[in-house]
Amino acid sequence: YLSAEYFAGGRIRLDTRAAERAISEHIARPLRLDPVAAAYGMFHVINVNMAAAIREISVQKGYDPREFPLICAGGAGPVHGAMIAAELGIGRIVGPRESSIFCASGMLRTDLKHDYVRSVARALPQSGSGKIRSLAREMAAEAGAALQRERIGKSRRRLRYSMDLRYLGQYHEVNVGLPDQALERSDWQLVRELFHATHDRRYGYCLREEGTPVELLNLRLTAAGVTDKPPLERQRRAGASCEGALKARRPIYLPGRKGFRSVPVYDGDRLAHGNRLSGPAIIESVNTTIVVPAGYAAEFDPVGNCVLTRRSRG
């Protein structure tokens with residue numbers, strides 16, 4: 001899937017023969033496999049493992065990954081993205097134009113954030129409780145001082161409170177975000193209802209009807225300072241044709257055919273908003289390679305992201 005001559009825009013040459021020897025010696029021969037089958041087996045296991053990790057962290061929080069697009073960060077992310085999405089039943093994959101520096105780009109566009117916590121360890125009150133409100137004001141003052149040192153004006157400060165809650169007798173807690181003014185109004189019944197709903201979404205049940213007491217473990221505050229963001233350059237819409245970006249053809253392994261097939265290779269740095277192509281194909285940029293499998297269409301959005309959409313389950 002990677003070009004030995006164009007890795008990092010051609011600045012780094014990959015040694016294909018050395019890779020073949022390593023796989024043959026250490027994987028294929030001990031397992032009595034064909035080197036190509038061994039190489040694809042490695043690729044497949046990697047994708048399945050990553051899909052399992054995504055499934056675990058999303059389902060644990062009560063989310064179905066099939067309801068979301070998969071964003072492929074990292075220079076290697078778009079090589080694996082469609083295969084991981086297929087394992088999860090995800091129908092849309094987004095490959096950012098600057099995927100190899102996605103984290104660094106995100107840091108330039110994120111707000112400043114500070115997290116504070118105070119342990120409380122008590123039953124969630126029925127009414128009143130000045131101690132909890134006092135702790136909230138204490139954390140807010142600490143957060144305000146930190147944001148002031150960072151020269152964040154009051155109009156750009158955002159405070160979000162949450163609580164770590166659990167049912168009496170449980171050993172794990174659930175973090176529940178609190179609406180504005182919930183603490184000042186001591187609206188603990190609303191907090192209970194939010195906890196029941198969050199617990200039900202995450203674990204598939206709640207103990208509202210049983211009247212099980214709710215315990216408060218920690219009061220948390222996330223204080224954000226809104227910063228100026230560098231703008232995303234938006235492109236004018238071009239035509240759907242990608243012929244001007246076609247650079248070559250080369251054989252890649254297609255698992256559905258269990259063999260190699262020559263596919264078009266496009267210059268990703270020349271593709272623009274509205275350009276559309278169908279897989280199987282390869283899109284090469286200086287900083288990443290996007291694998292577009294058979295059954296997928298790829299289209300570039302106004303800010304240069306490559307969006308893969310599954311056309312069929314082939």
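**Exercise 1. The hairpin of E4 and E5**

Task: In this predicted model, find how many residues lie between E4 and E5 in their hairpin, and which turn residue has a positive phi.

Solution. 
Step 1. Locate the two strands: E4 covers residues 157-167, and E5 covers residues 174-177.
Step 2. Look at the segment that links them. The hairpin has six residues between E4 and E5. In this turn, Gly169 has a positive phi of about 100°.
Step 3. Check the pairing. E4 and E5 run antiparallel and are joined by four bridges. Across from Val176 in E5 stands Met163.
Step 4. Compare the faces of E5. Val174 and Val176 make up the covered face, while Asn175 and Gly177 make up the uncovered one.

**Exercise 2. The five-stranded sheet**

Task: State the order of the strands in the open sheet of five strands, and explain why one side of E1 and of E9 is left without a neighbour in the sheet.

Solution. 
Step 1. Read the order, which is E1-E2-E13-E12-E9, with mixed pairing.
Step 2. Go to the edges. Strand E1 (70-71) and strand E9 (276-278) each have a single partner strand, so one side of each has no neighbour in the sheet.
Step 3. Leu70 has Ile93 in E2 as its bridge partner.

**Exercise 3. The largest nonpolar core**

Task: Determine which members of the largest nonpolar core touch the most other members, and which element gives the largest share.

Solution. 
Step 1. The core has 34 residues, and those touching the most other members are Leu271, Leu277, Ile283, Val292 and Leu308.
Step 2. Sort the core by element. Those giving two or more residues include helix H2 (35-59), helix H3 (77-88), strand E7 (246-254) and strand E8 (259-267). H3 provides the largest share, six residues.
Step 3. Take Ile283 as an example. Leaving aside residues up to four places away in sequence, Ile283 touches residues including Tyr266, Leu271, Val292, Phe300 and Cys306.

**Exercise 4. Two cysteines**

Solution. 
Step 1. Recall the bond: a disulfide is a covalent bond between the sulfur atoms of two cysteines.
Step 2. Apply the cut-off of 2.5 Å.
Step 3. Note the burial. Cys242 is buried, at 6% relative accessible area, and Cys306 is buried at 0%.
Step 4. Conclude: the count of disulfides is zero.

Methods
Residues numbered from 1 in each chain as written. Predicted model: local features only at pLDDT ≥ 70, side-chain atom pairs only at ≥ 80, totals over all residues. Heavy atoms only, no water. Core = buried A, V, L, I, M, F, W, Y, C linked by side-chain atoms within 4.5 Å. Buried < 20%, exposed > 50% of the residue type's maximum accessible area, 1.4 Å probe, protein only. Contact = heavy atoms within 4.5 Å. Pairing = 2+ DSSP bridges.
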